[in-house]
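Hi,

Here is the structure I promised to pass on. My notes on it follow below.

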Amino acid sequence: MKILVCISNVPDTTTKIRFTDNDTKFDAAGVQWIINPWDELALTRALELKEGSGGAIEKISVINVGSKDTEPTLRKALAIGADDAIRIDAEPQDAYFVASQLAEYLKANPFDIMLCGIDSSDYNGSLVGGMLSELLDLPSVSSVSKINMDGENIILNREIDGGSETLETTVPFVAIVQKGIALEPRIPSMRGIMMARKKPLEVKPAVETEALTEFAGFELPPPKAKCKMVDAENVNELVELLHNEAKVI
Amino acid sequence: MNFEFTEEQQMIRQAARDYAERELVKDVLERDEKAEIPWKHIKALKELGFFGMMVAPEWGGGGMDTLSYVLSLEEFSKHDSATAVILSVHNSLVSWGVEKYGTQEQKEKYLRVLATGEKIGAFLLSEPEAGSDATHQRTTGEDKGDHFLINGTKNWITNAECADIYIVVVQTHPEKKHHGINALIVDKNTPGISLAPHEDKMGMRSSDTHSVMFSDVKVPKENRIGDDGFGFKFAMKALEGGRIGIAAQALGIAAGAMERAIQYSKERKAFGKFIHDHQAIAFKLADMGVKLEAARNLTYKAAWLKDNGLSYGTMSAMAKLFAADSAMEITTEAVQVYGGYGYVKEYHVERLMREAKLTQIYEGTSEIQKIVISRALLKD
């Protein structure tokens, strides 16, 4: 059995976000890039499953659609423990573009389980996983918070409104994973970092695909309003401020 | 000149940072208070490969360069330099010493287990009356034909309890003075070795420090490192590299205090504005930042020299001296930025200040570094 983890290359979550070209492009200058946190957790769970599978899972691969600049992110995934990596050589345009590139690759190189993070921490589109399963005509399960194996059967848990749902399925399928899938991402070991030098990272040309959307403009959220401290004894002042200044009551 | 880190160095630094921020910081205050050895972290850091990270892969190590090691110690020390010094002694003194000067048999027996962290190392040089002056060793290693018989006491031994393998510096031929000194690899469980109680230190409290007593301890002849009489030179060589580790540790302590002081200055208000908007604090931060960056550059350069096979003894002494003194100044100022809160244990900066003090003392005091540096400058 083979597992593929789709990896997005995203800015570090503490990055100060800026835009260029009349606020239509993200300014990547000086940005530290990381594995999308959900994807990193998906990879961690995939590795746990492989380690506990007694050899039934023979390989964990990672894939990314991106330029050469994203290779350090893929190599980090290799250092964490993925067996090999694939980079589709294209600048990602939108979710459809990315899903199409992944689908083309997967039609020729099928996997049993395909894991996608629920969204990427940069654009938060939550689209690639669903689109990928549609393009491949495969079942997909969304909002997966647990994956376990019982022989050939795969048991998935989903967080739903007010409870959780347990599903059983067989391969192949796409799982769109979220919080709970693994406790915390793995820290690569020195051995892992050393081994990553030698693990295969295959670069595949992109296929012709047109993006369905384009960015018209970005806008930063308004700065946080200033905090005003009111003495706990002074309830009247608080009421007056809420009424006249904040105009919420 | 190239000041960029390789992709691998960045990955190693991030791994160390993640571990420090996720794990070390969680129980550091409690361990400091109780002076507890960080067994849990030692185990985890072994699994991650930080013990033996510079040892060549053929011996089971990580094969990483000195700069990667420095970056790791810096990150660990931002949050917990007591754990960092366990690594520093293990890696730069013991593992390096055996790898560089050990025989093939010694490497098979000792380096393999040091490289994986299965066994931890300690370096026993200081004595009650031979700290800075390592030429006058009182601990003897009498030559008994097929073995040495060790008698004496070693002081201030980092890792004395948590280590399994000791490198012990002994006087084997007193008449030859420092040319009669040898370094021996000793299994800690050899009969005749006993430990005095854990020293109750001001800082680095969860790193264990003991006096170690030797009473008729038999060590096979084949455990001597290098030729007869190489011990003093061996110790000095090991300390040259060790100083890079301590410089990195001091640098991390300073960086940890600096980061906390900056953060606090953005949260705390006085006289109606954030304290960093007061020039008294802003200028303090500027001075701290300059010292930190200078210490960083000296330390990285010493590591770079070592990695490039160049002479690094003077630079490592400069790095250790400047980083340790800067760490003391920066942590003291960080406490001042925090004011009363800085004097309270919960906010970490007072602990960093206590830890900084030790970096000016061990592996060669600041004064000894000045002797090393001035001698090098005045040579020729």
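How many salt bridges are there between chain A and chain B? The count is two, where a salt bridge is a side-chain nitrogen of Lys or Arg within 4 Å of a carboxyl oxygen of Asp or Glu.

Some housekeeping before the rest. This is a predicted model, so local features need pLDDT of at least 70 and side-chain atom pairs count only at pLDDT 80 or more, while totals for chains, interfaces and linings use all residues. Residues are numbered from 1 along each chain as its sequence is written, chains are lettered from A and ligands numbered from 1 in the order in which they are written, and side-chain values use heavy atoms, with hydrogens and water left out.

**Where the chains meet**

Arg75(A) forms a salt bridge with Glu7(B), with 2.6 Å between the closest N and O atoms. On the side of chain A that touches chain B, helix 2 (71–80) and helix 5 (190–196) are the elements that give two or more residues; helices (H or I, at least four residues) and strands (E, at least two) are DSSP runs, numbered from the N terminus. Helix 2 of chain A has the largest share, five residues. By type, that side of chain A has eight nonpolar, one polar and six charged residues (Ala, Val, Leu, Ile, Met, Phe, Trp, Tyr, Cys and Pro count as nonpolar, Asp, Glu, Lys and Arg as charged, and the others, Gly among them, as polar).

In all, 15 residues of chain A are in contact (heavy atoms within 4.5 Å) with 21 residues of chain B. The area buried between the two chains is about 1,600 Å², and carbon and sulfur atoms give 60% of it. Buried area here is the accessible area (1.4 Å probe) that two parts lose on being put together, summed over both. In chain A, the residues that lose the most area to chain B are Ile187(A), Met190(A) and Ile193(A), together 44% of what that side buries.

**The sheet in chain A**

Chain A has an open sheet of nine strands with mixed pairing, in the order 11-10-9-12-8-1-6-7-13; two strands pair if DSSP finds at least two bridges between them. Strand 11 (163–169) and strand 13 (201–205) of chain A are the edges, each pairing on one side only. Further in, strand 1 (residues 2–6) and strand 8 (residues 113–117) of chain A pair in the parallel sense over three bridges, and Leu4(A) stands opposite Met114(A) in strand 8.

Cheers
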